Amino acid sequence: MLSADEQISSFFGGALPSVRADLGVRQASSSPQQETRKSKWQKPSGKGPDWTDNQGQASGYQQWQKKDEDVKELTNIMGRLLLRLEDEASFRRAEGSWIMFHETQSKSSILANLFECAKIWKDQQKDEKTKLTLGLRHTLLLCLLTELESRASRVTQNQELMEVMRKDGWYVGGDRPGWVYTRWDPNTKKEVPQEGVEPLDQASLLNSLKILKQRVTVEGALHRFHATRALSETYSTESVAFLLTTCHRNPDTTVAEQLYIHFNRLCNCSATRLVGMRMRPERAQRQPLAKVLTERLSLRDQKQWRNS
């Protein structure tokens with residue numbers, strides 16, 4: 001059985017330009033009908049008033065009204081309980097989840113290459129004799145990490161490219177050379193260096209990429225890696241987001257910790273711009289559906305307060 005690195009090189013090396021250059025590989029060519037509720041009040045068949053029947057209907061209406069209030073109260077309690085569970089889950093997601101923003105118009109963007117890798121993977125799945133054992137999410141993440149590793153290794157060997165990196169503020173020299181950590185400045189509307197944060201040296205970057213490539217293939221280590229929209233050859237938006245989630249625990253006790261450390265090391269690091277990407281940890285916040293539920297419960301509370 002081929003190793004993960006061998007599978008990436010053999011099947012997807014032709015789709016990754018920098019890896020291809022390293023290997024010398026030629027580039028491959030009716031809505032449901034709402035049930036109507038029958039009226040609880042029916043006109044009596046006799047001419048005179050039937051007081052017994054009216055009293056029974058009134059009692060039935062009161063019971064129905066009480067049950068309706070009980071259901072509303074239980075729904076309110078369940079909604080608030082779900083929001084508490086969502087808050088707890090959001091904290092756990094923040095401990096092992098990241099968001100990657102891939103620029104669609106950048107010359108260094110890897111989106112087209114990932115789209116081609118996905119097509120190769122799907123074609124291989126149709127071949128009964130394929131030696132490809134990696135899943136799609138593992139394949140795409142490994143392709144990304146492998147290409148970033150290759151570009152980072154090659155760029156430091158080219159003085160002209162390194163000068164461009166320094167001019168753009170991605171890389172600094174001096175006594176502590178390395179890749180700069182940046183933050184978004186809302187005033188200038190661009191990324192600026194983070195003050196008080198040491199640059200990531202080249203050796204540490206390559207070591208992190210090497211460890212991540214090894215650890216993401218461990219069984220149960222990678223829970224999620226996919227784009228928030230379907231991959232394609234062209235895009236109308238400025239960026240495409242990818243969601244990444246890894247395990248919190250693993251039989252190999254070092255896996256979860258190493259994934260957490262080394263993916264966080266890549267966050268806001270200018271080295272990821274080599275593949276047209278920037279990365280940050282996922283924030284502890286409620287998901288869109290939970291936000292809708294929060295708004296509905298708030299409106300219900302306001303309505304009850306006005307009626308009281």
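1. Helices (H or I, at least four residues) and strands (E, at least two) are DSSP runs, numbered from the N terminus; two strands pair if DSSP finds at least two bridges between them. The model is predicted: local features need pLDDT of at least 70, side-chain atom pairs count only at pLDDT 80 or more, and totals for chains, interfaces and linings use all residues. Residues are numbered from 1 along each chain as its sequence is written, and side-chain values use heavy atoms, without hydrogens and water.

2. Strands β4 (residues 182-185) and β5 (residues 190-193) are antiparallel partners joined by four bridges. D185 is bridged to K190 of β5. Four residues separate the two strands of this hairpin, and K189 in the turn has a positive phi of about 55°.

3. The largest pocket holds about 450 Å³ of space. A pocket here is an open set of points on a 1 Å grid over the protein atoms alone, where a 1.4 Å probe fits, with protein on both sides within 12 Å along at least five of seven lines; lining residues have an atom within 4 Å of a point. The volume is the space filled by probe spheres set on the points, which are joined across faces, edges and corners.

4. Of the 19 lining residues, S108, M165, W170, R273 and L274 lie nearest the centre of the largest pocket. α5 (136-155), α6 (159-167) and β5 each supply at least two residues of this lining.

5. There are zero disulfides (pairs of cysteine sulfur atoms within 2.5 Å). For C269, the closest cysteine sulfur is that of C267, 9.6 Å away and so too far for a bond.
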